[in-house]
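Here is a short report on one protein model.

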Amino acid sequence: MVERGFYNVCFRLCLINFFSFTKGKLLKLYELNIYTQLKSKKEKKMKKFNKWNLIIICILLIFIVTVNISARRRTTSTSTPTPGTVATNTPTQPAAQTNTPAPTTPPASNSNLALNRPATSSSDENSSYTANLAVDGNTGTRWSSAFSDPQWIQVDLGATYSVASVVLRWEAAYGSAYQIQISANASSWTTLYSTSSSTGGVQTLTVNGSGRYIRMYGTARGTEWGYSLYEFEVYGAAGGPTPPTSATATPVAQATNSPTPQPTATPVGGLRLVWEDNFDVDGQPNSSNWNYHVGNGYNPGLPGFQGWGNGEWEWYRPENCYVQGGNLVIRADYSTTPYYNVGGRDWYQKSGRITTQGKRSWQYGRIEARIRLPKGQGNWCAFWAMGTSSAGGTYTSSYNPSSSYYDIMVNNWASCGEIDICEHSGASTTGFANCFWDNRIGVYPWDGTQNANYANNSAPYGDVNVYKVYALEWDATYMKWFVDSTQTHIIDITPAHLEEFHKPFYVILNMAIGGTLGGAVDAGAFPMYMYVDYVRVYQQ
(Lines give C-alpha, C1' and ligand atoms only; values in the text may rest on other atoms or scores of the structure.)
Protein backbone atom coordinates (compact mmCIF):
# COMPACT_ATOMS: atom_id res chain seq x y z
CA MET A 1 0.00 0.00 0.00
CA VAL A 2 2.82 2.48 0.79
CA GLU A 3 4.65 1.53 -2.43
CA ARG A 4 1.59 2.14 -4.60
CA GLY A 5 0.91 5.55 -3.02
CA PHE A 6 4.49 6.66 -3.64
CA TYR A 7 4.30 5.83 -7.34
CA ASN A 8 0.97 7.66 -7.69
CA VAL A 9 2.44 10.82 -6.20
CA CYS A 10 5.47 10.67 -8.54
CA PHE A 11 3.22 10.12 -11.53
CA ARG A 12 1.08 13.15 -10.71
CA LEU A 13 4.10 15.41 -10.15
CA CYS A 14 5.55 14.42 -13.54
CA LEU A 15 2.28 15.22 -15.27
CA ILE A 16 2.22 18.67 -13.67
CA ASN A 17 5.81 19.32 -14.75
CA PHE A 18 5.10 18.06 -18.26
CA PHE A 19 2.09 20.27 -18.82
CA SER A 20 3.85 23.26 -17.31
CA PHE A 21 6.78 22.67 -19.66
CA THR A 22 4.66 22.14 -22.81
CA LYS A 23 2.61 25.24 -22.07
CA GLY A 24 5.79 27.33 -21.82
CA LYS A 25 7.18 25.71 -24.96
CA LEU A 26 4.09 26.56 -27.03
CA LEU A 27 4.22 30.11 -25.82
CA LYS A 28 7.86 30.30 -26.78
CA LEU A 29 7.13 29.00 -30.30
CA TYR A 30 4.43 31.60 -30.69
CA GLU A 31 6.86 34.36 -29.73
CA LEU A 32 9.41 33.04 -32.21
CA ASN A 33 6.88 33.28 -35.02
CA ILE A 34 6.29 36.97 -34.28
CA TYR A 35 9.85 37.95 -33.72
CA THR A 36 11.65 36.03 -36.40
CA GLN A 37 14.56 38.41 -36.41
CA LEU A 38 15.54 37.71 -32.81
CA LYS A 39 17.78 34.65 -33.29
CA SER A 40 20.72 35.31 -31.04
CA LYS A 41 23.23 32.69 -29.90
CA LYS A 42 21.70 32.83 -26.49
CA GLU A 43 18.26 31.89 -27.82
CA LYS A 44 19.74 29.03 -29.89
CA LYS A 45 21.40 27.62 -26.82
CA MET A 46 18.14 27.90 -24.86
CA LYS A 47 16.23 26.02 -27.56
CA LYS A 48 18.80 23.28 -27.54
CA PHE A 49 18.58 23.03 -23.77
CA ASN A 50 14.74 22.88 -23.80
CA LYS A 51 14.78 20.18 -26.48
CA TRP A 52 16.93 17.83 -24.36
CA ASN A 53 14.91 18.71 -21.25
CA LEU A 54 11.72 17.63 -23.00
CA ILE A 55 13.27 14.32 -24.09
CA ILE A 56 14.44 13.55 -20.53
CA ILE A 57 11.01 14.37 -19.06
CA CYS A 58 9.27 12.11 -21.59
CA ILE A 59 11.61 9.21 -20.76
CA LEU A 60 11.03 9.76 -17.04
CA LEU A 61 7.26 9.91 -17.60
CA ILE A 62 7.27 6.59 -19.51
CA PHE A 63 9.33 4.96 -16.71
CA ILE A 64 6.95 6.20 -13.97
CA VAL A 65 3.84 5.00 -15.86
CA THR A 66 5.38 1.53 -16.42
CA VAL A 67 6.35 1.14 -12.73
CA ASN A 68 2.91 2.29 -11.55
CA ILE A 69 1.09 -0.26 -13.76
CA SER A 70 3.39 -3.04 -12.53
CA ALA A 71 2.69 -2.10 -8.91
CA ARG A 72 -1.06 -2.21 -9.50
CA ARG A 73 -0.82 -5.71 -11.01
CA ARG A 74 1.29 -6.95 -8.08
CA THR A 75 -1.22 -5.56 -5.57
CA THR A 76 -4.10 -7.25 -7.36
CA SER A 77 -2.30 -10.63 -7.30
CA THR A 78 -2.05 -10.54 -3.45
CA SER A 79 -5.73 -9.81 -2.78
CA THR A 80 -8.01 -12.29 -0.91
CA PRO A 81 -7.85 -15.66 -2.69
CA THR A 82 -10.75 -17.79 -3.71
CA PRO A 83 -11.25 -20.99 -1.70
CA GLY A 84 -8.41 -23.41 -2.24
CA THR A 85 -5.91 -20.70 -3.29
CA VAL A 86 -2.77 -20.23 -1.22
CA ALA A 87 -2.58 -16.51 -0.45
CA THR A 88 0.99 -16.29 0.68
CA ASN A 89 4.47 -16.41 -0.72
CA THR A 90 5.82 -18.08 2.39
CA PRO A 91 7.00 -21.63 1.63
CA THR A 92 4.82 -24.32 3.24
CA GLN A 93 6.72 -26.38 5.80
CA PRO A 94 6.33 -30.16 5.38
CA ALA A 95 4.45 -31.96 8.19
CA ALA A 96 6.81 -33.48 10.72
CA GLN A 97 6.71 -37.27 11.10
CA THR A 98 6.15 -38.16 14.75
CA ASN A 99 5.06 -41.12 16.83
CA THR A 100 2.65 -39.12 18.97
CA PRO A 101 -0.99 -40.28 19.20
CA ALA A 102 -3.58 -38.95 16.80
CA PRO A 103 -5.46 -35.77 17.82
CA THR A 104 -7.74 -36.47 20.74
CA THR A 105 -10.55 -34.22 19.50
CA PRO A 106 -12.13 -36.14 16.65
CA PRO A 107 -13.02 -33.99 13.64
CA ALA A 108 -16.48 -35.51 13.23
CA SER A 109 -17.63 -34.64 16.76
CA ASN A 110 -19.59 -31.97 18.52
CA SER A 111 -18.96 -32.59 22.21
CA ASN A 112 -18.08 -35.39 24.59
CA LEU A 113 -21.37 -37.30 24.89
CA ALA A 114 -20.11 -39.31 27.86
CA LEU A 115 -19.19 -36.31 30.00
CA ASN A 116 -20.81 -36.65 33.45
CA ARG A 117 -23.21 -39.34 32.22
CA PRO A 118 -23.99 -42.36 34.45
CA ALA A 119 -21.14 -44.85 34.25
CA THR A 120 -20.99 -48.37 35.59
CA SER A 121 -18.37 -51.09 35.61
CA SER A 122 -17.85 -54.78 36.15
CA SER A 123 -15.73 -53.95 39.20
CA ASP A 124 -13.85 -51.13 40.92
CA GLU A 125 -10.40 -51.58 42.42
CA ASN A 126 -11.71 -49.65 45.44
CA SER A 127 -13.93 -46.69 46.25
CA SER A 128 -11.26 -44.22 45.08
CA TYR A 129 -11.36 -45.51 41.49
CA THR A 130 -15.04 -45.79 40.55
CA ALA A 131 -16.48 -45.74 37.04
CA ASN A 132 -17.89 -42.21 37.23
CA LEU A 133 -14.34 -40.86 37.50
CA ALA A 134 -13.67 -41.91 33.88
CA VAL A 135 -16.39 -39.56 32.60
CA ASP A 136 -15.87 -36.51 34.84
CA GLY A 137 -13.67 -34.58 32.38
CA ASN A 138 -10.77 -34.60 34.85
CA THR A 139 -7.58 -36.37 33.75
CA GLY A 140 -6.39 -36.30 37.35
CA THR A 141 -8.99 -38.92 38.36
CA ARG A 142 -9.54 -42.40 36.99
CA TRP A 143 -11.47 -45.65 37.04
CA SER A 144 -9.58 -48.84 37.83
CA SER A 145 -10.93 -52.38 37.80
CA ALA A 146 -10.13 -55.52 39.72
CA PHE A 147 -6.96 -57.36 38.64
CA SER A 148 -8.67 -59.97 36.46
CA ASP A 149 -10.19 -60.60 33.03
CA PRO A 150 -12.64 -59.81 31.56
CA GLN A 151 -13.63 -56.34 32.82
CA TRP A 152 -15.75 -53.55 31.36
CA ILE A 153 -16.85 -49.95 31.84
CA GLN A 154 -20.17 -48.77 30.42
CA VAL A 155 -21.73 -45.33 29.87
CA ASP A 156 -25.42 -44.50 29.50
CA LEU A 157 -25.48 -41.62 26.98
CA GLY A 158 -29.08 -40.85 27.95
CA ALA A 159 -30.38 -40.98 24.36
CA THR A 160 -29.69 -42.73 21.07
CA TYR A 161 -26.66 -41.28 19.27
CA SER A 162 -24.77 -42.03 16.07
CA VAL A 163 -21.30 -42.52 17.50
CA ALA A 164 -18.38 -41.51 15.24
CA SER A 165 -15.37 -41.85 17.51
CA VAL A 166 -14.17 -42.90 20.96
CA VAL A 167 -11.15 -41.62 22.88
CA LEU A 168 -9.56 -43.83 25.55
CA ARG A 169 -7.07 -42.14 27.87
CA TRP A 170 -5.33 -45.05 29.53
CA GLU A 171 -3.41 -44.94 32.77
CA ALA A 172 -0.31 -47.16 33.01
CA ALA A 173 -2.61 -50.16 33.56
CA TYR A 174 -4.11 -50.52 30.11
CA GLY A 175 -6.01 -53.13 28.13
CA SER A 176 -3.99 -54.92 25.46
CA ALA A 177 -7.11 -56.59 24.04
CA TYR A 178 -10.54 -55.01 24.19
CA GLN A 179 -13.67 -54.18 22.22
CA ILE A 180 -15.79 -51.04 21.93
CA GLN A 181 -19.41 -52.14 21.95
CA ILE A 182 -22.72 -50.29 21.58
CA SER A 183 -26.28 -51.23 22.54
CA ALA A 184 -29.81 -49.90 22.48
CA ASN A 185 -30.80 -51.67 25.71
CA ALA A 186 -27.53 -52.55 27.51
CA SER A 187 -28.17 -56.25 27.02
CA SER A 188 -27.61 -56.93 23.29
CA TRP A 189 -24.24 -55.56 22.16
CA THR A 190 -22.72 -54.79 18.77
CA THR A 191 -18.94 -54.58 18.43
CA LEU A 192 -17.73 -51.35 16.75
CA TYR A 193 -13.99 -51.85 17.26
CA SER A 194 -11.73 -54.69 18.35
CA THR A 195 -8.00 -54.97 19.02
CA SER A 196 -5.62 -57.50 20.51
CA SER A 197 -2.48 -55.35 20.24
CA SER A 198 -3.21 -52.14 22.13
CA THR A 199 -0.22 -50.39 23.71
CA GLY A 200 -2.18 -47.95 25.87
CA GLY A 201 -1.62 -44.19 25.94
CA VAL A 202 -4.23 -41.95 24.35
CA GLN A 203 -6.14 -43.80 21.64
CA THR A 204 -8.59 -42.15 19.24
CA LEU A 205 -10.77 -44.77 17.58
CA THR A 206 -12.95 -44.13 14.53
CA VAL A 207 -16.19 -46.10 14.85
CA ASN A 208 -19.62 -46.13 13.27
CA GLY A 209 -22.68 -47.23 15.16
CA SER A 210 -25.87 -46.11 16.87
CA GLY A 211 -27.11 -46.74 20.40
CA ARG A 212 -27.71 -45.38 23.87
CA TYR A 213 -25.21 -47.48 25.83
CA ILE A 214 -21.51 -47.84 24.99
CA ARG A 215 -18.80 -49.78 26.74
CA MET A 216 -15.15 -50.79 26.66
CA TYR A 217 -15.07 -54.56 27.11
CA GLY A 218 -11.57 -55.69 28.08
CA THR A 219 -10.51 -59.27 27.50
CA ALA A 220 -6.75 -59.10 28.18
CA ARG A 221 -4.77 -56.73 30.43
CA GLY A 222 -1.50 -55.22 29.32
CA THR A 223 -0.05 -55.30 32.85
CA GLU A 224 -0.39 -57.30 36.04
CA TRP A 225 -2.91 -54.74 37.31
CA GLY A 226 -6.47 -54.15 36.18
CA TYR A 227 -7.88 -51.85 33.49
CA SER A 228 -7.50 -48.16 34.28
CA LEU A 229 -8.85 -45.18 32.33
CA TYR A 230 -8.41 -41.50 33.07
CA GLU A 231 -11.19 -40.68 30.60
CA PHE A 232 -13.62 -42.58 28.38
CA GLU A 233 -14.79 -40.04 25.80
CA VAL A 234 -17.51 -40.56 23.21
CA TYR A 235 -18.22 -38.32 20.23
CA GLY A 236 -21.27 -38.32 18.01
CA ALA A 237 -21.65 -37.52 14.34
CA ALA A 238 -23.20 -34.19 13.29
CA GLY A 239 -26.94 -34.03 13.75
CA GLY A 240 -27.18 -34.57 17.50
CA PRO A 241 -29.19 -37.06 19.51
CA THR A 242 -32.51 -38.69 18.82
CA PRO A 243 -34.50 -38.84 22.06
CA PRO A 244 -35.25 -42.44 23.01
CA THR A 245 -38.76 -43.71 22.54
CA SER A 246 -40.48 -44.12 25.87
CA ALA A 247 -41.61 -47.61 26.68
CA THR A 248 -45.36 -48.01 26.23
CA ALA A 249 -46.97 -48.75 29.56
CA THR A 250 -48.16 -52.36 29.40
CA PRO A 251 -50.74 -53.44 31.96
CA VAL A 252 -49.12 -55.63 34.58
CA ALA A 253 -51.05 -58.54 36.01
CA GLN A 254 -53.15 -57.52 39.06
CA ALA A 255 -51.79 -53.97 38.96
CA THR A 256 -54.42 -51.55 40.27
CA ASN A 257 -52.56 -48.35 39.42
CA SER A 258 -49.74 -47.33 37.08
CA PRO A 259 -46.70 -45.39 38.23
CA THR A 260 -46.96 -41.63 38.06
CA PRO A 261 -44.53 -40.04 35.56
CA GLN A 262 -41.01 -40.99 36.53
CA PRO A 263 -39.26 -38.08 38.30
CA THR A 264 -36.17 -36.78 36.58
CA ALA A 265 -32.97 -37.54 38.46
CA THR A 266 -31.70 -34.29 39.96
CA PRO A 267 -28.61 -33.56 42.08
CA VAL A 268 -29.18 -34.06 45.80
CA GLY A 269 -27.33 -32.04 48.44
CA GLY A 270 -24.23 -31.44 46.34
CA LEU A 271 -24.25 -35.02 45.02
CA ARG A 272 -24.59 -36.00 41.37
CA LEU A 273 -26.16 -39.00 39.69
CA VAL A 274 -23.53 -41.70 39.05
CA TRP A 275 -25.71 -44.70 38.24
CA GLU A 276 -29.35 -45.56 37.59
CA ASP A 277 -31.58 -48.25 36.18
CA ASN A 278 -34.97 -46.98 35.00
CA PHE A 279 -36.19 -50.40 33.80
CA ASP A 280 -37.35 -48.99 30.47
CA VAL A 281 -36.82 -52.10 28.27
CA ASP A 282 -39.25 -54.97 28.77
CA GLY A 283 -37.91 -58.46 29.34
CA GLN A 284 -34.88 -59.67 31.24
CA PRO A 285 -33.32 -57.09 33.60
CA ASN A 286 -30.19 -55.36 32.32
CA SER A 287 -27.43 -57.96 32.60
CA SER A 288 -24.84 -55.19 32.91
CA ASN A 289 -26.37 -54.23 36.24
CA TRP A 290 -27.88 -57.30 37.83
CA ASN A 291 -27.11 -60.82 39.02
CA TYR A 292 -29.36 -63.22 40.95
CA HIS A 293 -29.49 -65.27 44.13
CA VAL A 294 -31.11 -68.66 43.55
CA GLY A 295 -32.57 -71.13 46.02
CA ASN A 296 -33.34 -70.96 49.72
CA GLY A 297 -29.97 -70.03 51.21
CA TYR A 298 -27.85 -73.13 51.53
CA ASN A 299 -25.70 -73.18 54.67
CA PRO A 300 -22.71 -75.55 54.28
CA GLY A 301 -22.19 -75.44 58.05
CA LEU A 302 -25.45 -77.28 58.80
CA PRO A 303 -25.40 -78.56 56.02
CA GLY A 304 -28.77 -77.68 54.55
CA PHE A 305 -31.14 -74.93 53.45
CA GLN A 306 -31.79 -72.35 56.14
CA GLY A 307 -34.27 -69.94 54.53
CA TRP A 308 -31.43 -67.42 54.22
CA GLY A 309 -31.03 -67.54 57.99
CA ASN A 310 -34.62 -66.36 58.56
CA GLY A 311 -36.75 -69.47 58.05
CA GLU A 312 -38.12 -68.19 54.72
CA TRP A 313 -40.31 -70.49 52.59
CA GLU A 314 -39.53 -69.44 49.01
CA TRP A 315 -37.23 -70.81 46.33
CA TYR A 316 -35.74 -67.86 44.48
CA ARG A 317 -35.55 -68.01 40.66
CA PRO A 318 -34.24 -65.37 38.22
CA GLU A 319 -37.31 -65.58 35.95
CA ASN A 320 -39.42 -64.24 38.80
CA CYS A 321 -37.62 -60.92 38.23
CA TYR A 322 -38.50 -59.21 34.94
CA VAL A 323 -39.05 -55.77 33.42
CA GLN A 324 -42.54 -54.84 32.30
CA GLY A 325 -44.28 -51.52 31.71
CA GLY A 326 -41.41 -49.39 32.99
CA ASN A 327 -40.96 -51.37 36.21
CA LEU A 328 -38.78 -54.10 37.59
CA VAL A 329 -41.37 -56.66 38.69
CA ILE A 330 -40.60 -59.21 41.41
CA ARG A 331 -43.37 -61.81 41.47
CA ALA A 332 -44.08 -64.30 44.24
CA ASP A 333 -45.99 -67.50 43.37
CA TYR A 334 -47.69 -70.19 45.45
CA SER A 335 -48.64 -73.65 44.12
CA THR A 336 -50.40 -76.70 45.56
CA THR A 337 -47.95 -78.87 43.63
CA PRO A 338 -44.21 -78.41 44.02
CA TYR A 339 -42.28 -76.28 41.55
CA TYR A 340 -39.00 -78.03 42.41
CA ASN A 341 -37.57 -80.82 44.46
CA VAL A 342 -34.06 -79.94 45.55
CA GLY A 343 -32.11 -81.23 48.54
CA GLY A 344 -34.78 -83.81 49.28
CA ARG A 345 -37.45 -81.11 49.76
CA ASP A 346 -40.44 -79.96 47.72
CA TRP A 347 -40.66 -76.22 47.10
CA TYR A 348 -44.19 -74.86 46.69
CA GLN A 349 -43.41 -71.16 46.72
CA LYS A 350 -41.06 -69.22 44.44
CA SER A 351 -40.06 -65.60 44.19
CA GLY A 352 -37.15 -63.39 43.04
CA ARG A 353 -34.02 -61.87 44.54
CA ILE A 354 -31.92 -59.59 42.31
CA THR A 355 -28.59 -57.98 43.21
CA THR A 356 -25.78 -55.79 41.90
CA GLN A 357 -23.29 -58.10 43.62
CA GLY A 358 -20.41 -58.71 41.24
CA LYS A 359 -21.58 -55.82 39.03
CA ARG A 360 -21.89 -52.62 41.08
CA SER A 361 -20.96 -51.40 44.53
CA TRP A 362 -20.74 -48.01 46.21
CA GLN A 363 -19.31 -46.42 49.31
CA TYR A 364 -21.14 -43.32 50.56
CA GLY A 365 -23.67 -41.21 48.69
CA ARG A 366 -27.44 -41.46 48.33
CA ILE A 367 -29.02 -44.77 47.29
CA GLU A 368 -32.72 -44.63 46.47
CA ALA A 369 -35.50 -46.62 44.81
CA ARG A 370 -39.09 -45.78 43.94
CA ILE A 371 -41.18 -48.80 44.94
CA ARG A 372 -44.77 -49.96 45.17
CA LEU A 373 -45.19 -52.85 47.62
CA PRO A 374 -47.88 -55.56 47.88
CA LYS A 375 -50.23 -55.92 50.86
CA GLY A 376 -50.88 -59.68 50.83
CA GLN A 377 -50.29 -61.58 54.04
CA GLY A 378 -46.97 -63.43 54.15
CA ASN A 379 -44.85 -61.27 51.84
CA TRP A 380 -41.60 -59.81 53.15
CA CYS A 381 -40.17 -57.23 50.74
CA ALA A 382 -36.79 -55.54 51.09
CA PHE A 383 -34.54 -53.00 49.41
CA TRP A 384 -31.20 -53.42 51.14
CA ALA A 385 -27.40 -53.64 50.82
CA MET A 386 -24.56 -55.94 51.90
CA GLY A 387 -20.85 -55.18 52.22
CA THR A 388 -18.52 -56.40 49.50
CA SER A 389 -16.35 -57.97 52.19
CA SER A 390 -19.00 -60.71 52.44
CA ALA A 391 -17.30 -64.05 51.90
CA GLY A 392 -18.32 -67.55 50.89
CA GLY A 393 -21.61 -66.54 49.29
CA THR A 394 -22.39 -67.18 45.64
CA TYR A 395 -24.61 -65.66 42.95
CA THR A 396 -25.35 -66.31 39.29
CA SER A 397 -25.53 -64.18 36.16
CA SER A 398 -27.66 -66.78 34.38
CA TYR A 399 -31.30 -65.86 33.82
CA ASN A 400 -32.22 -69.52 33.38
CA PRO A 401 -30.00 -71.73 35.56
CA SER A 402 -30.81 -75.41 35.90
CA SER A 403 -33.61 -76.34 38.26
CA SER A 404 -31.10 -78.01 40.59
CA TYR A 405 -28.86 -74.94 40.90
CA TYR A 406 -28.76 -72.99 44.17
CA ASP A 407 -26.53 -70.38 45.83
CA ILE A 408 -24.66 -70.56 49.12
CA MET A 409 -25.07 -68.04 51.95
CA VAL A 410 -22.22 -65.79 53.03
CA ASN A 411 -20.28 -67.14 56.02
CA ASN A 412 -19.15 -63.89 57.67
CA TRP A 413 -22.42 -62.09 58.31
CA ALA A 414 -22.71 -59.61 60.02
CA SER A 415 -19.05 -58.50 60.03
CA CYS A 416 -19.50 -57.69 56.32
CA GLY A 417 -22.26 -55.23 57.25
CA GLU A 418 -25.93 -55.01 56.25
CA ILE A 419 -28.06 -51.91 55.60
CA ASP A 420 -31.85 -52.28 55.26
CA ILE A 421 -33.07 -49.21 53.37
CA CYS A 422 -36.66 -50.44 53.13
CA GLU A 423 -38.10 -53.54 54.81
CA HIS A 424 -41.82 -54.31 55.00
CA SER A 425 -44.26 -57.16 55.53
CA GLY A 426 -47.92 -57.78 54.70
CA ALA A 427 -50.43 -54.92 54.91
CA SER A 428 -48.67 -53.07 57.73
CA THR A 429 -48.35 -49.28 57.54
CA THR A 430 -45.03 -49.54 59.38
CA GLY A 431 -41.70 -50.57 57.90
CA PHE A 432 -38.15 -50.90 59.12
CA ALA A 433 -34.87 -49.05 58.65
CA ASN A 434 -32.06 -51.13 60.04
CA CYS A 435 -28.37 -52.06 59.89
CA PHE A 436 -26.30 -54.92 61.26
CA TRP A 437 -22.64 -55.23 62.20
CA ASP A 438 -20.17 -57.25 64.26
CA ASN A 439 -18.86 -55.67 67.45
CA ARG A 440 -15.37 -56.92 66.66
CA ILE A 441 -13.19 -54.84 64.36
CA GLY A 442 -12.40 -56.73 61.19
CA VAL A 443 -14.02 -59.50 59.14
CA TYR A 444 -14.90 -62.68 61.02
CA PRO A 445 -17.01 -65.81 60.55
CA TRP A 446 -20.53 -65.57 61.92
CA ASP A 447 -20.81 -65.45 65.69
CA GLY A 448 -24.28 -64.79 67.10
CA THR A 449 -22.83 -63.39 70.34
CA GLN A 450 -21.02 -60.61 68.46
CA ASN A 451 -23.77 -59.47 66.06
CA ALA A 452 -25.53 -56.20 66.73
CA ASN A 453 -28.14 -54.04 65.05
CA TYR A 454 -29.68 -50.60 65.19
CA ALA A 455 -32.48 -50.45 67.77
CA ASN A 456 -35.72 -48.39 67.51
CA ASN A 457 -35.80 -49.03 63.80
CA SER A 458 -39.50 -48.93 62.87
CA ALA A 459 -40.62 -46.22 60.46
CA PRO A 460 -44.08 -44.97 59.37
CA TYR A 461 -44.68 -46.06 55.75
CA GLY A 462 -48.40 -45.36 55.38
CA ASP A 463 -50.04 -46.97 52.34
CA VAL A 464 -47.28 -49.04 50.76
CA ASN A 465 -49.37 -49.98 47.71
CA VAL A 466 -48.60 -46.57 46.16
CA TYR A 467 -45.19 -45.54 44.86
CA LYS A 468 -42.82 -44.09 47.44
CA VAL A 469 -39.12 -43.22 47.33
CA TYR A 470 -37.09 -45.12 49.93
CA ALA A 471 -33.58 -43.72 50.37
CA LEU A 472 -30.36 -43.91 52.35
CA GLU A 473 -28.01 -40.92 52.62
CA TRP A 474 -24.60 -42.06 53.80
CA ASP A 475 -21.29 -40.36 54.45
CA ALA A 476 -18.28 -40.93 56.70
CA THR A 477 -20.20 -39.65 59.72
CA TYR A 478 -23.88 -40.58 59.45
CA MET A 479 -26.40 -42.84 57.77
CA LYS A 480 -29.87 -41.32 57.33
CA TRP A 481 -33.05 -43.08 56.16
CA PHE A 482 -35.87 -41.40 54.22
CA VAL A 483 -39.37 -42.23 53.04
CA ASP A 484 -40.12 -39.77 50.25
CA SER A 485 -38.73 -36.51 51.67
CA THR A 486 -39.21 -37.41 55.34
CA GLN A 487 -36.16 -38.48 57.35
CA THR A 488 -37.12 -41.38 59.59
CA HIS A 489 -33.80 -42.36 61.23
CA ILE A 490 -30.17 -41.39 61.67
CA ILE A 491 -27.17 -43.26 63.08
CA ASP A 492 -23.65 -42.08 63.89
CA ILE A 493 -21.15 -44.45 62.24
CA THR A 494 -17.93 -42.88 63.54
CA PRO A 495 -17.34 -45.42 66.39
CA ALA A 496 -14.46 -47.77 65.55
CA HIS A 497 -16.56 -50.93 65.84
CA LEU A 498 -18.79 -49.70 62.97
CA GLU A 499 -15.95 -49.93 60.47
CA GLU A 500 -18.18 -52.17 58.29
CA PHE A 501 -19.97 -49.03 57.06
CA HIS A 502 -16.85 -47.43 55.63
CA LYS A 503 -16.53 -49.97 52.81
CA PRO A 504 -18.40 -50.50 49.52
CA PHE A 505 -21.84 -52.14 49.51
CA TYR A 506 -23.92 -53.81 46.78
CA VAL A 507 -27.72 -53.55 46.46
CA ILE A 508 -30.35 -56.30 46.78
CA LEU A 509 -34.10 -56.25 45.99
CA ASN A 510 -36.27 -59.24 46.91
CA MET A 511 -39.64 -60.51 48.10
CA ALA A 512 -39.37 -63.29 50.64
CA ILE A 513 -42.31 -65.45 51.74
CA GLY A 514 -43.00 -66.25 55.40
CA GLY A 515 -40.08 -66.40 57.80
CA THR A 516 -39.36 -64.37 60.92
CA LEU A 517 -40.88 -61.14 59.51
CA GLY A 518 -43.22 -62.48 56.83
CA GLY A 519 -45.15 -64.54 59.35
CA ALA A 520 -48.22 -66.56 58.40
CA VAL A 521 -48.81 -66.97 54.68
CA ASP A 522 -52.16 -66.51 52.91
CA ALA A 523 -52.11 -68.80 49.85
CA GLY A 524 -55.08 -66.91 48.38
CA ALA A 525 -53.07 -63.67 48.17
CA PHE A 526 -50.81 -65.04 45.43
CA PRO A 527 -49.43 -64.11 43.01
CA MET A 528 -48.03 -60.98 44.64
CA TYR A 529 -46.02 -58.26 42.92
CA MET A 530 -43.35 -55.81 44.03
CA TYR A 531 -42.88 -52.97 41.49
CA VAL A 532 -39.65 -50.97 41.29
CA ASP A 533 -39.83 -47.84 39.13
CA TYR A 534 -36.09 -47.07 39.34
CA VAL A 535 -32.94 -47.45 41.40
CA ARG A 536 -30.48 -44.52 41.54
CA VAL A 537 -27.16 -43.75 43.18
CA TYR A 538 -25.76 -40.26 43.77
CA GLN A 539 -22.24 -39.45 44.92
CA GLN A 540 -19.89 -36.49 45.14
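## Aromatic rings

The structure holds 24 aromatic pairs. Rings of Phe, Tyr and Trp (its six-membered ring) pair if their centres lie within 6.5 Å; planes under 30 degrees apart count as stacked, over 60 as edge-to-face and the rest as tilted. Tyr-364 lies in the loop between strand S18 (353-355) and strand S19 (365-372), and Trp-474 in strand S25 (residues 468-474), so the pair ties together parts that are 110 residues apart in sequence. Strands are DSSP runs of E, at least two residues long, and helices are runs of H or I, at least four residues long; both are numbered from the N terminus.

Tyr-364 counts as partly exposed, at 22% relative accessibility. Trp-474 counts as buried, at 4% relative accessibility. Buried means under 20% relative accessible area, exposed over 50%, and partly exposed in between (1.4 Å probe, protein chains only). Phe-501 and Phe-505 form a stacked pair. Phe-501 and Phe-505 are both buried.

| Pair | Type | Centre to centre | Angle between planes |
|---|---|---|---|
| Phe-501 and Phe-505 | stacked | 6.1 Å | 15° |

One aromatic cluster is formed by Tyr-298, Phe-305, Trp-315, Tyr-340, Trp-347 and Tyr-406. Charges also sit over rings. Arg-142 lies over the face of Tyr-129, 4.2 Å from the ring centre. Arg-353 has its charged end over the ring of Trp-308, 4.1 Å from the centre. The rule asks for NZ of Lys or CZ of Arg within 6 Å of the ring centre and within 35 degrees of the ring normal.

This is a predicted model: local features need pLDDT of at least 70, side-chain atom pairs count only at pLDDT 80 or more, and totals for chains, interfaces and linings use all residues. Residues are numbered from 1 along each chain as its sequence is written, and side-chain values use heavy atoms, with hydrogens and water left out.

## Cysteines

How many disulfides does the count come to? The count is 0 disulfides, where a disulfide is a pair of cysteine sulfur atoms within 2.5 Å. For Cys-381, the closest cysteine sulfur is in Cys-422, 7.8 Å away, too far for a bond. Cys-381 is buried, with a relative accessible area of 0%. Cys-435 also counts as buried, at 0% relative accessibility.

## Nonpolar cores

A nonpolar core is a set of buried Ala, Val, Leu, Ile, Met, Phe, Trp, Tyr and Cys residues joined through side-chain atoms within 4.5 Å. The largest core has 52 residues, of which Phe-383, Met-479, Phe-501 and Leu-509 touch the most other members. A second, separate core of 28 residues includes Val-135, Leu-192, Met-216 and Tyr-227.

## Two selected residues

Glu-499 lies in the loop between strand S27 (486-492) and strand S28 (505-513). Glu-499 counts as buried, at 16% relative accessibility. Beyond its neighbours within four places in sequence, Glu-499 is in contact with Arg-440, Ile-441 and Gly-442; contact means heavy atoms within 4.5 Å. The Glu-499 side chain reaches the backbone nitrogen of Gly-442 at 3.0 Å.

Ser-176 lies in strand S4 (residues 175-183). Ser-176 counts as buried, at 16% relative accessibility. Not counting residues up to four places away in sequence, Ser-176 touches several residues, among them Thr-195, Ala-220 and Gly-222.

Terms used
Polar contact = N/O pair within 3.5 Å; in protein donor to acceptor, adjacent residues only side chain to side chain.
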